[in-house]
Amino acid sequence: GFWRFTSDLSTKDSAYTQLALGAHNDNTYFTDPAGLQTFHLLSHTNGGGGASLLVDGFRAANILREESPDAFRTLCTTKIHGHSSGNEGIALMPDRAFPVITVDDDVDWQRSAVTQIRWNNDDRAAMTGLDRDTIAGFYAAARHWVEILRRPSSEYWVQLQPGTTLTFDNWRVLHGRSAFTGEREMCGAYTNMDDFVSRWKTLHFSKDDIMNAV
């Protein structure tokens, strides 16, 4: 999908404010979050700030695995719901819960590769149906996770200029921004991961090669 926005408090979404946003993934309230995300700064007048923040979630997850295997396992195994229901007529919440960190082998989670990050504390739903010990363990693990995300060594900052686009993997890279003043207009797009991978395959391999791998 393609979108365009300016600051607008009537949307009841922190993205549409001038506030700083911590590192997060978009669409955690979707069963299938966007694969690629694109930002395009159209204009920024009468003010400043609004630098874009990027954090490699796979790197952060592997640091957590090294520093606290128990916390890593907790974020791989504790499933939580995301939601988006602040605006009239919208109540997005998958009927399934998902872990913050997804790996490609649920059995050998300690050595398996990280394949997806789902972290957006602002869109996290209430942890109903979980016992007290599980909730306490989740919060302890999440505290360590956020501390890693906020380390200067984890953060990459870039100041977009009008006409500049930024595209990243929303399953891997968390993003945020610094607070800003003035009037800023941006547009952007979401690309489904399956669509992206399909196009990448058709651009790099022959039809025969693709079919032989099925």
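At what angle do α1 and α3 pack, and how far apart are their axes? In this predicted model, the two helices pack at an angle of about 125°, with their axes 10 Å apart. Residues are numbered from 1 along each chain as its sequence is written. Because the model is predicted, local features need pLDDT of at least 70 and side-chain atom pairs count only at pLDDT 80 or more, while totals for chains, interfaces and linings use all residues; side-chain values use heavy atoms, with hydrogens and water left out.

The secondary structure of the chain comes to five helices and twelve strands. Helices (H or I, at least four residues) and strands (E, at least two) are DSSP runs, numbered from the N terminus. Of the 214 residues of the chain, 41% count as buried, where buried means under 20% relative accessible area, exposed means over 50%, and partly exposed lies in between (1.4 Å probe, protein chains only). Contact is taken as heavy atoms within 4.5 Å. Among contacts between residues at least 6 apart in sequence, 78% join residues at least 24 apart.

Two packed helices are described by the angle between their axes and the distance between the axes. Axes are lines fitted to C-alpha atoms, for helices over the stretch in contact, and angles run from 0 to 180 degrees between N-to-C directions. Angles under 35 degrees count as roughly parallel, over 145 as roughly antiparallel, 65 to 115 as roughly perpendicular and the rest as oblique. For α1 and α3, the angle of about 125° makes α1 oblique to α3. The crossing of α1 past α3 is right-handed; a crossing is left-handed if the near helix is turned anticlockwise from the far one by less than a right angle, and right-handed if clockwise. Helix α1 contributes Gly57, Ala60, Ala61, Ile63, Leu64 and Glu67 to this contact, and α3 contributes His144, Trp145, Ile148 and Leu149. These residues of α1 and α3 divide into seven nonpolar, two polar and one charged. In this classification, Ala, Val, Leu, Ile, Met, Phe, Trp, Tyr, Cys and Pro count as nonpolar, Asp, Glu, Lys and Arg as charged, and the others, Gly among them, as polar.

Leaving aside its neighbours within four places in sequence, Ala60 is in contact with Trp145, Ile148 and Leu149. Ala60 and Ser154 are 94 residues apart in sequence, yet their C-alpha atoms are 7.2 Å apart in space.

Helix α2 (residues 69–77) also packs against α3 (residues 132–149), with axes that come within 9 Å and cross at roughly 110°. That angle makes α2 roughly perpendicular to α3, and α2 passes α3 in a left-handed crossing. The contact involves Ala71, Thr74 and Leu75 of α2 together with Gly137, Phe138, Ala141, Ala142 and Trp145 of α3. By class, the contact of α2 with α3 has six nonpolar, two polar and no charged residues.

The pair α1 and α2 packs at an angle of about 130°, with axes 5 Å apart, and the two helices are therefore oblique to each other. Here Ala61, Leu64, Arg65, Glu66 and Glu67 in α1 meet Pro69, Ala71, Phe72 and Leu75 in α2. The residues of the contact of α1 with α2 comprise six nonpolar, no polar and three charged.

Within α2, the residues Ala71, Phe72, Thr74, Leu75 and Cys76 are buried. The buried residues of α2 pack against α1 (57–67), β6 (98–99), β7 (101–103), β8 (114–117) and α3. Cys76 has a relative accessible area of 11%, and Cys187 is likewise buried, at 6% relative accessibility. A search of the whole structure finds zero disulfides, a disulfide being a pair of cysteine sulfur atoms within 2.5 Å.

Several loop residues were also examined. Most residues other than glycine have a negative phi. Asn27, in the loop between β2 and β3, has a positive phi near 65° and is buried, with a relative accessible area of 3%. Asn46, in the loop between β3 and β4 (52–56), has a positive phi of about 60° but is exposed, with a relative accessible area of 68%. Phe30 is found in the loop between β2 (21–24) and β3 (36–45) and counts as partly exposed, at 30% relative accessibility. The C-alpha atoms of Phe30 and Gly82 are separated by 7.7 Å, although these residues are 52 apart along the chain.
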